[in-house]
Amino acid sequence: MGAEIHRDCPVLSLEKLSAGWQAKTSKGALSARIVINASGPFADHVLSLRTGSQLKKHIRLVRGSHLIVKRIFTHDKAYIFQNSDGRILFALPYLNDFNLLGTTDIDHQGAPDKPVISQDEIDYILKELGQYLKNPISEAQVLATYSGVRPLFDDGKQAAQSVTRDYVLSWQADSEKSWLNIFGGKLTTYRKLALKVADMVSQILPAPKEIEPGFSCLPGGNIPDSDFDIFLQGLKEDFSAFPELMITRMAHAYGSNLSTILGTATQPNDLGIEFGYGLYQAEVDYLVREEWARTAEDILSRRSKLGLYFDKPMTDKLSKYLASLAMK
Ligand SMILES: Cc1cc2nc3c(=O)[nH]c(=O)nc-3n(C[C@H](O)[C@H](O)[C@H](O)COP(=O)(O)OP(=O)(O)OC[C@H]3O[C@@H](n4cnc5c(N)ncnc54)[C@H](O)[C@@H]3O)c2cc1C
């Protein structure tokens, strides 16, 4: 829709001009009429980058951590358990072979960029879950963990789990409607939030260009009648020479964009170099080109969860291939 996106380009400082702002970034200066501070857990930090800003806390960082274990139940239902402290814990089927156990809700101290599960969180999840299981899970069974930091609007409530999950949109008081802060929010409400932001901004800036009215689907969401089961069934028939697991994984990851990766391939080997567990060169190239993946971790941990299966030699092979692309 005409946006210019600068990736890997942190804003280092922001200076107020007579009309708008100048941002110093790692790749040079940019100017803008309006700054929208949509930096999630970094919202207070980005506010502090303004020249002459006074540090004020708007965001409460609350860490959520999860454990991944080999499947402890084989069906595809989710469990929600009531904990002794009034909170809930869940155990979800995760990919084909794992369960996801979590989550915690504790205040996160320090910078938000590298959250890591604490021993207390591991103990808490295993202990609370253990009350419901015939065979409690031991720490040795934990294959992987991951943590994230929720950027919650700090409404002064006491317990981390009671802090509002609603978002707050506010013009920065001293900015004459040239700086809009987004505090808090959820994935599930992002579209509403974005529309509201567009509304607020369009009262100040002229609309950039005519946007087609009506619903436009998300990338990969152009699935006939939005019927994923029939879509997947069709793919399995059209690509019957491919492992079912591979097609199922890719259909979930790419939806209607999958045809861009598979093209005219009639068998897996048509997709180039094989890296393992159904990951081929054509998918890696797509991820680099369309989803800005750069490292093996981007692909194995973030864009997919194939890292739960890959061993070191397989990961090294992928890293080497990505390095060869970067040299081109
Ligand atoms: C454990 C956990 C569970 C959750 N569960 C749910 C759930 O079940 N349902 C739900 O709806 N939501 C859930 N959420 C919340 C949801 O993930 C977040 O609300 C959402 O990701 C926030 O998106 P955002 O775009 O505001 O921030 P982010 O996705 O964090 O994006 C902020 C961006 O700003 C960039 N940035 C930071 N500083 C700078 C700078 N100086 N210059 C340039 N860029 C910068 C960052 O690189 C980042 O890309 C959960 C969160 C966690 C941690």
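Before I describe the sheet, one definition: two strands are taken to pair if DSSP finds at least two bridges between them. Please also keep in mind that what you see above is a predicted model.

With that criterion, three strands form an open sheet in the order β1-β2-β3, and their pairing is antiparallel. The edges of this sheet are β1, residues 11-16, and β3, residues 28-32, each of which pairs on one side only. From one strand to the next, the twist averages 20°. If we look at β2, residues 21-25, we find that β2 and β3 are joined in the antiparallel sense over five bridges, and that Lys24 has Ala29 in β3 as its bridge partner.

Let me turn to helix α7, which spans residues 281-291 and whose buried residues are Glu283, Val284 and Leu287. Why do these buried residues line one face of the helix? Seen down the axis of α7, they fall within an arc of 100°, and therefore they share one face. In general, an α-helix has 3.6 residues a turn, so residues three or four places apart point the same way. The packing partners of the buried residues of α7 are α6, β13, β14, α8 and α9. Just after the helix, Trp292 takes a positive phi of about 60°.

Finally, the ligand. There are 17 residues around it, of which Gly40, Gly64, Gly148, Lys186 and Leu187 come nearest. By class, the shell divides into eight nonpolar, seven polar and two charged residues. Strand β10, residues 142-153, supplies the largest share of that shell, namely three residues.

Terms used:
Residues are numbered from 1 along each chain as its sequence is written. This is a predicted model: local features need pLDDT of at least 70, side-chain atom pairs count only at pLDDT 80 or more; totals for chains, interfaces and linings use all residues. A residue is buried if 20 or more other C-beta atoms lie within 10 Å of its own, exposed if 12 or fewer, and partly exposed in between; C-beta atoms are placed from the backbone. Helices (H or I, at least four residues) and strands (E, at least two) are DSSP runs, numbered from the N terminus. The arc is that of the directions from the helix axis to the C-beta atoms. Two residues are in contact if their C-beta atoms, placed from the backbone, lie within 7 Å. Axes are lines fitted to C-alpha atoms, for helices over the stretch in contact, and angles run from 0 to 180 degrees between N-to-C directions. A residue is near a molecule or strand if its C-beta atom, placed from the backbone, lies within 6 Å of it. Ala, Val, Leu, Ile, Met, Phe, Trp, Tyr, Cys and Pro count as nonpolar, Asp, Glu, Lys and Arg as charged, and the others, Gly among them, as polar.
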